[in-house]
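Here is my note on the model, as numbered points. Please read it alongside the coordinates.

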Amino acid sequence: MVVFFHGGGWETGSPADYRFLGTTLARHGVTAVIAGYRLYPAVRYPSFLEDAALATRWARDHVAGGGRVFVMGHSAGAYIAAMLALDGRWLGAVGMQPGRDLAGFVGLSGPYDFLPLESETLKTIFGPEDQRPDTQPLRHLGPAAPPMFLATGCADTTVLPANTARLAAAQRAAGAS
């Protein structure tokens with residue numbers, strides 16, 4: 001089963017935008033939950049991660065029958081899925097562990113290492129400058145992380161492909177697949 005998180009820069013987007021993905025996965029025998037999360041300006045970091053952890057727990061308990069799941073996302077959703085897979089705080093808060101309860105993480109054009117922030121909106125979303133390093137998936141790597149599949153478009157100008165390359169290289173260096 002896959003729990004998918006939509007993109008939209010933490011400000012826009014909805015699960016309905018990715019209905020096509022759920023339909024496609026289902027056609028191939030994969031159960032998909034396209035999860036929503038609260039957006040800025042209603043919330044800031046880490047509220048969307050807390051929402052995603054709750055959605056993942058719900059999906060595991062109610063759809064996967066307690067089995068392991070993949071977390072997947074596009075753009076901001078890939079960031080969210082990466083943080084669930086790499087930083088045990090978020091799933092830990094709902095009684096799960098990434099290495100135990102996740103079969104893997106699939107990231108599509110995700111921002112995994114995007115400091116320093118230039119956008120005033122992102123500065124507001126991710127909080128005080130001295131706390132921002134902890135918001136980066138690249139800071140939470142380790143050998144206990146679930147396997148990852150990372151993909152990006154080479155000409156992507158919204159989320160630079162270097163984000164994916166840096167995360168993949170750092171994850172390999174940390175001893176994980």
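1. Two strands count as paired if DSSP finds at least two bridges between them. Helices (H or I, at least four residues) and strands (E, at least two) are DSSP runs, numbered from the N terminus. By that rule Val3 stands opposite Val33 in E2. Strand E1 (residues 2-5) and E2 run parallel and are joined by 4 bridges.

2. Provenance. This is a predicted model; local features need pLDDT of at least 70, side-chain atom pairs count only at pLDDT 80 or more, and totals for chains, interfaces and linings use all residues. Residues are numbered from 1 along each chain as its sequence is written, and side-chain values use heavy atoms, with hydrogens and water left out.

3. The sheet. It is open, has 5 strands in the order E2-E1-E3-E4-E5, and pairs in parallel. Strand E2 (32-35) and strand E5 (148-151) are the edges, each pairing on one side only. The twist averages 15 degrees from one strand to the next. Axes are lines fitted to C-alpha atoms, for helices over the stretch in contact, and angles run from 0 to 180 degrees between N-to-C directions.

4. Helices on the sheet. Contact means heavy atoms within 4.5 Å. Helix H3 (residues 76-86) packs on the sheet and touches E1, strand E3 (69-74), strand E4 (102-108) and E5. The direction of H3 makes about 145 degrees with that of E3. Helix H7 (residues 162-173) lies across E4 and E5, at about 155 degrees to E5.

5. H7 in detail. Buried means under 20% relative accessible area, exposed over 50%, partly exposed in between (1.4 Å probe, protein chains only). Asn163, Thr164, Leu167, Ala168 and Gln171 of H7 are buried. Down the axis of H7 they fall within an arc of 125 degrees (taken from the directions from the helix axis to the C-beta atoms), so they line one face. These buried residues pack against H3, E4 and E5. The face turned away carries exposed Arg172 and Ala173.

6. Aromatics. Rings of Phe, Tyr and Trp (its six-membered ring) pair if their centres lie within 6.5 Å; planes under 30 degrees apart are stacked, over 60 edge-to-face, the rest tilted. The structure holds 15 such pairs. Trp10 and Phe126 are edge-to-face, at 4.9 Å centre to centre and 85 degrees between the planes. Trp10 lies in the loop between E1 and helix H1 (19-27) and Phe126 in helix H6 (residues 120-126), so the pair ties together parts 116 residues apart in sequence. Trp10 is buried at 4% relative accessible area, and Phe126 is buried at 3%.
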